[in-house]
Amino acid sequence: MGDTLGEIDLVEPDNYVEGVPFEWFDHLRAEHPVVWHPEPPPNKGFWAVTRYDDLAAIHMDWQTYSSEVGAVGLEELDPEQLEIRNSMLEMDPPRHTRLRAICSKKFSARGVGKYEDWIRDVARGVLDRALPEGEFDFVSEISRELPIRFLCSIFTVPQEHAPRLIAWGDQMIANQDPELSRAVVDREDTEAYRLLPFRSPTALEVWAYADEQRDLRLAEPTDDVINALTVAQSEGALDDRDYHNYFSLLMIAGNETTRHTITSGMLALLENPDQLKLLQEDPSLITRATEEILRWATPVMHFRRTATRDVELRGQHIKAGDKVVTWYISADRDETVFPDPYRFDVTRAPNDHVVFGPGGPHFCLGAHLARLETKILFQELLPRLASIELNGRVERLRSNFVNGIKRMPVRVTTT
């Protein structure tokens, strides 16, 4: 990458264990906003795109920068893998649009809004169990509990299945973390799983569970997300592979990203007690603060596109077939868009972060849900806190894809 870029390695998961290397992204935005980044074999490398405006332009131009031609992760897939592993994320319009429509009403503002009272009740129940303990892991006791409980609700599956769904999601999306993954992709031979999402053997268990739930809907239809997928499959809109991949995507996206957002938001408030005090004194600010928490967390650090034609971007000649990786984690700290971007400011406005994407066909299906869950959790939590402090080391996920926290021990006293 040249003399001034030699130390930068955005691929190595170990480089994110102690924290996101924001200084690297600052340097790239300032000096090399579009730059070729090498990768270890068998991958061939990619164009790293780090500025907000460039990310937005790429994601709005799906004809030039495709999700379908080469998938959305760093792994370079052969045609067989592409055909079998592609989910809705790895599709362009019009097919993406058709599949998105299957569940779009369930995740609309109106569809999600009808669950607001239920989400609030679940949040209160989670806090009622955790806070009296005084000392606990914020991740396991609070931030991962609310999203998975709600996921069980919109799936209409028993709440006692929640631990199993959490474990499956961790094993699949945390496929670079040896503590969570059953097959660490950059340390073990995972060729036997090359046709499975995230190269994870856990996918087989998830699919078996999805089939069981589909069979239950066929016997007795319900008004839930799984039933919507079941109907779509019976009408020919989905085949078995589509159904499995759709189910897996909803299970992971509906749990992992919101969990990490809530955890990062709480850590930001711990590290910025003036902002915590401000929210406790004026709870009406929590709606606005939710957007700052989302920007600060940016739980998915990047998505990849593949160029469908030769194109020039900031003077760099991108060839058809090249990987183009857009770094959300960098765009959400772009100083040309967010004044003083490393200041956590719960009153920040405007706050046009790209956590859910900048728009276009792949704008996050679960955006309304993530916002609502995050807002409600902090609305219910903050008034109960007399004090909160870290009570041990914050442990981060080993991943170059998910900006996540595995453990965050805290000590609390309640009002």
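## Charges over rings

Let's start with Arg 214, which sits over the face of Tyr 243, 5.1 Å from the ring centre. Here, a charge counts as over a ring if NZ of Lys or CZ of Arg is within 6 Å of the ring centre and within 35 degrees of the ring normal. Arg 295 does likewise with Phe 338, at 5.2 Å from the ring centre.

A word on the model: it is predicted, so local features need pLDDT of at least 70 and side-chain atom pairs count only at pLDDT 80 or more, while totals for chains, interfaces and linings use all residues. Residues are numbered from 1 along each chain as its sequence is written, and side-chain values use heavy atoms, with hydrogens and water left out.

## Aromatic pairs

Tyr 243 also belongs to an aromatic cluster, together with Phe 155, Trp 168, Tyr 209 and Phe 247. Rings of Phe, Tyr and Trp (its six-membered ring) pair if their centres lie within 6.5 Å; planes under 30 degrees apart are stacked, over 60 edge-to-face, and the rest tilted. That rule gives 14 aromatic pairs. Take Trp 36 and Trp 47: the ring centres are 5.3 Å apart and the planes stand at 75 degrees, so this pair is edge-to-face. Trp 36 is in strand β1 (residues 34-37) and Trp 47 in strand β2 (residues 46-49), so the pair ties together parts 11 residues apart in sequence. Helices (H or I, at least four residues) and strands (E, at least two) are DSSP runs, numbered from the N terminus.

Are these two tryptophans buried or exposed? Trp 36 is partly exposed at 32% relative accessibility, and Trp 47 is buried at 9%. The cut-offs are under 20% relative accessible area for buried, over 50% for exposed and in between for partly exposed (1.4 Å probe, protein chains only).

Another edge-to-face pair is Tyr 115 with Phe 150, 5.0 Å centre to centre and 85 degrees between the planes. It links distant parts of the chain, 35 residues apart: Tyr 115 is in the loop between α5 (109-113) and α6 (116-130), and Phe 150 is in helix α8 (residues 145-155). Phe 150 is buried, at 2% relative accessibility.

## The five-stranded sheet

Five strands make an open sheet with mixed pairing, in the order β1-β2-β8-β5-β3. β1 and β3 (65-66) are at the edges with a single partner strand each, so one side of each lacks a neighbour in the sheet. Helix α2 (residues 52-60) packs on this sheet, touching β1, β2, β3, β5 (302-307) and β8. Contact means heavy atoms within 4.5 Å.

Strands pair if DSSP finds at least two bridges between them. β1 and β2 run antiparallel, joined by four bridges; Val 34 stands opposite Val 49, and His 37 has Phe 46 as its bridge partner. On to strand β8 (residues 323-327): three bridges pair it with β2 in the parallel sense, with Trp 47 opposite Val 324. Both faces of β2 are covered, with Phe 46 and Ala 48 buried on one side and Trp 47 and Val 49 buried on the other.

## Helix α14

Which residues of helix α14 (residues 273-281) are buried? They are Gln 275, Leu 276 and Leu 279. Down the axis of α14 they fall within an arc of 105 degrees (taken from the directions from the helix axis to the C-beta atoms), so they line one face of the helix. The cover over these buried residues includes α13 (256-271), α15 (286-297) and β9 (385-390). On the face turned away from the buried side are the exposed residues Pro 273, Lys 277 and Glu 281.

Technical notes
Axes are lines fitted to C-alpha atoms, for helices over the stretch in contact, and angles run from 0 to 180 degrees between N-to-C directions.
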